[in-house]
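Here are a few exercises to work through with the model open beside you. Try each one before you read the solution.

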Amino acid sequence: MDTITLDGRETTARPDFTEIDLSITGMTCASCVNRVERALKREAGVLDAEVNLATERARVTTSPGAVTAERLAAAVRAAGYNATPVAEEAPGEEAKAAAERGRHDLVRVIIAAVLSAPLLAGMVAHLLGDGRLLPGWLELALATPVQFWLGWRFYVSGWKAARALSGNMDLLVALGTSAAWGLSLYELLAAHPGPAPVLYFDSAALIVTFVLLGKWMEGRARGQTASAIRALSGLRPETARLARDGIERDVPLAEIAVGDRVIVRPGERIPVDGRIVEGSGSVDASMLTGESLPVEKTVGDAVTGGSIDADGRLVVETTAVGAETALARIIRMVEGAQASKAPIQRVVDRVSAVFVPVVLGIALLTFIGWWAMTGNATVAILNAVAIMVIACPCALGLATPTAIMVGTGAAARHGILIKDAEALERAHAITLVAFDKTGTLTEGRPEVTDVMAAAGTDADEMLRLAALLQAGSEHPLAAAVRRRAVAGAAAENPEPVADFRALAGRGVSGKVAGRSLLMGNRRLLTEAGLVPSAGMDERARALEASGHTVSWLAETGPGAVTPRSGVLGLLAFADAVKPTARGAISELHRHGIRTVMLTGDGHGAADAVARDLGIDEVFAELLPGGKAEAVAKLHEHGTVVAMVGDGINDAPALAAADIGIAMATGTDVAMHTAGITLMRGDPALVADAIDVSRRTYAKIRQGLFWAFAYNLIGIPLAALGFLSPVIAGAAMALSSVSVVTNALLLRGWTPGAERRRP
């Protein structure tokens, strides 16, 4: 589990397990994924292992200290693949290694194409009626390097799979092309004087060339799926301007420590997480939060490394560096989502585990059938070869992870962080969204609008007592009371609060100057057996009906105002609705999603906000546990519920929902519980998160459809003799490339507000 610090807020991990990431090369299809997962899960201490073909990563969950990364890498190597532990600063190095592999593969494709070109020309000439053929020994000389030098990787990987009593794409290619090459060699050596024998060296060489070309194109396309990670990694400046002992100098970022002060000039990226101690200016954090406009920052405000100082010279005191910065944690969170496995992929993995043995069985039956019907072993072998070549499980293994990679990357660019593939997949089915009110639909910065003291009580004194009672509370209403008290000079001569207690969902209690006080909602008054005067009660209900939140201040025990009632007065609060909230609810309704509000506020304030925004249903005056119970009730009749919140009291409901969506502007507990985190407090991002999930899931379904369609159509055609081995090889290469290319279309996804902008 990881943490994210953004504008001074941090989530905290729980060390009940360890996750180890491995970089794996040599995998070619879903069958390879299964073999690597089995090898890892056999190791003692491994709780789970997920292997991603698109990212070429394995994420292994282990008991703390039970197994080392080196031992896991050795287990993968024993299964026939290369594995290395992922370094902390891996993204840049991995990109370089991938680029180098891509160049190496391209060189091999070019050599294969040059050697195969004469064979292809001869094949085309023969099909057009030109009786001239290349000499058999020349065909052998051209095809053999392609088969055994450039295609040697298929033999190595295929042999390792066979030795493990498994199968993969390389085994099918190696068997198919070897059969065509071996048949041709036999025909050439056994030829008698007369007509030239029919040879299939061209088929073997062209199949290998097409497969190599397809793998290079596939790798190139897959490299584009990691663009979001590369873009985030590129936000890290390499140096920072350190101010120490009155001297400013540029130093490598690795030399900056917590507590150091760094200078950020206009136009520069902020190199560290920290707080501004001098200066002010506009800060552009769009790459981190997706927010389109810069935000004004001044002394005391938190800033995040990777954002841009648009104007103004800033002096920033460092609070986090390196792997502890928000940017580093966001990168790890996105990587974690891309490395995880969606539930639908587990079904595909079960299919691919038996795919290659089934294909080999079909190829054998095809060979026997054609030989029995025609007596022609050559035709039987070619049709069996076509089946082995067309039936590639590559596309099956790539359809889901490539869509997940591109979808989570596109979401991250617009301020939507998705914890794992399961959350992304599940979000597409949401039919109801439940919102917390304060800080989620409203600004979360309420202000005191009305102060009404009971008869015989001074309003300023009442406000002073309310501010002192809530001096240690972090609740938004408490902060509003303190601001009003300071503005009215009612908080002079502060006195410490004794026996302070936060009463969940109701208010607070404590002693100020020996007076036992409580402050909270109407439920708290009822529990204390207190009744306000008729005039105050009427005023309170009118304020609630107009959308205000009302808190009561009362004194209990000896010294209360009257023996019958200790109500000192009421304070009314108003919290402005966020500008995008109304549009967010409309967008959800446009998607056919019902909306509900869950709040601890009174019915009056809750109903007023709900009417203003067009929310379908309201549950008011809820305790934190009551929110979770309301979510459980909403689950009835098969409803898929998302809960959106930002506070500690929302955590139980976030956990109870099918999908928890947290605002990063809220508390760390909420973000830790949620499956999706919105990097800015914009409720419009809720509809966008659901939209990107739906589009990603559509790409997954499309990819799986085409992957299965290639095989369901191609295998019968090959078995019936309507598909030549060469065409089969080209189709097999095309299947993987088309699946990855289709997923890459998600890179153009933009949030709904941007799509509708003229």
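Rings of Phe, Tyr and Trp (its six-membered ring) pair if their centres lie within 6.5 Å, and planes under 30 degrees apart count as stacked, over 60 as edge-to-face and the rest as tilted. By this rule the count comes to six aromatic pairs. This is a predicted model, with pLDDT of at least 70 needed for local features and 80 or more for side-chain atom pairs, while totals for chains, interfaces and linings use all residues. Numbering runs from 1 along each chain, and side-chain values use heavy atoms, with hydrogens and water left out.

**Exercise 1.** Classify the pair Phe367 and Trp371.

*Solution.* Start with the distance: the ring centres are 5.3 Å apart. Next, the planes meet at 50°, so the pair is tilted.

**Exercise 2.** Now classify Phe705 and Trp706.

*Solution.* The centres sit 5.2 Å apart. With 75° between the planes, this pair is edge-to-face.

**Exercise 3.** Is Trp706 buried, partly exposed or exposed?

*Solution.* Take the cut-offs: buried is under 20% relative accessible area, exposed is over 50%, and partly exposed is in between (1.4 Å probe, protein chains only). Trp706 has 47%, so it's partly exposed. Trp371, at 45%, is partly exposed as well.

**Exercise 4.** Which residues form one aromatic cluster?

*Solution.* Look for Phe148, Trp152, Tyr155, Trp181 and Phe201.
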